[in-house]
Amino acid sequence: MRSWAVPAVIGVAGGSTAAAFAPAQLFELAFVVIAGIIAAKLLAGRETWVLGRSLPGRAGMAGCGFLVGLASSLMGISGGSLATMMMTLYGIPIHNAVATSAGLGVPITIAGTLGYLIAGLPHQALLPPLSLGFVSVIGVVMIAPISSWIAPLGARLAHALPRRRLEIGFGLFLIAASLRFVVSLIWA
């Protein structure tokens, strides 16, 4: 997983740099497209949808890490779902992929927070109170402790569920989350 971390952080830097210049609709569209692809793979349940039977070499892992970091940054997520999908495309069982990808979320979250903070500083006057760049201090204070508390419960639940139920549940969740952005893109 270490071979993913640095390229993932570089990808996050690219996504957070885009935040300083790109319209909000780009990020909503990125979420809908990327989450839709992941949901389609999960809901189809095709074990034959693979890129290889083992993880790629160092250069391939660096490329995967960069893509996971960039997509995570554009979606505003920590990257666990993207890394999980990437690993399952290389034949890693979903339960192992979920556990392994959780570790990648830490560097992506730290890099994303710092990147969005810096990217938003030129827009600080236009942002809501208690924002540091594009980072909401209220959001961090409320979400970080709850996420830290709930994450181990989620990992235990993921390991307790059969593989297919886990795939269907997460696929449906991604579709539901994407619909919110589809609505805002249509009525923007």
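Predicted model: local features only at pLDDT ≥ 70, side-chain atom pairs only at ≥ 80, totals over all residues.
The angle in question is about 45 degrees, at which helix H2 (residues 24–44) packs with helix H4 (residues 80–89), their axes lying 11 Å apart. The crossing that H2 and H4 form is left-handed. On the H2 side the contact is made by Ile 34, Ile 38 and Lys 41, while H4 contributes Ser 81, Leu 82, Met 85, Thr 88 and Leu 89. Sorted by class, the residues in this contact of H2 with H4 are five nonpolar, two polar and one charged.

Turning to H2 itself, the helix has 21 residues and reaches 30 Å from its first C-alpha to its last, which is close to the 30 Å expected at 1.5 Å a residue. The buried residues of H2 include Ile 34, Ile 38 and Lys 41, the three that H2 brings to the contact with H4. Also buried in H2 are, among others, Phe 27, Glu 28, Phe 31, Val 32 and Leu 42. After the helix comes Gly 45, whose phi is positive, near 65 degrees.

Elsewhere in the model, Ser 16 has its place in helix H1, which covers residues 2–19. With a relative accessible area of 4%, Ser 16 is buried, since buried means under 20%. If its neighbours within four places in sequence are left aside, Ser 16 is in contact with Ser 73, Gly 115, Tyr 116 and Ala 119.

Key
Residues numbered from 1 in each chain as written. Heavy atoms only, no water. Helix = DSSP H or I, 4+ residues; strand = E, 2+ residues; numbered from the N terminus. Buried < 20%, exposed > 50% of the residue type's maximum accessible area, 1.4 Å probe, protein only. Contact = heavy atoms within 4.5 Å. Axes fitted to C-alpha atoms, helices over the stretch in contact; angles between N-to-C directions. Left-handed = near helix turned anticlockwise from the far one by under 90°. Nonpolar A, V, L, I, M, F, W, Y, C, P; charged D, E, K, R; others polar. Expected span 1.5 Å × (residues − 1).
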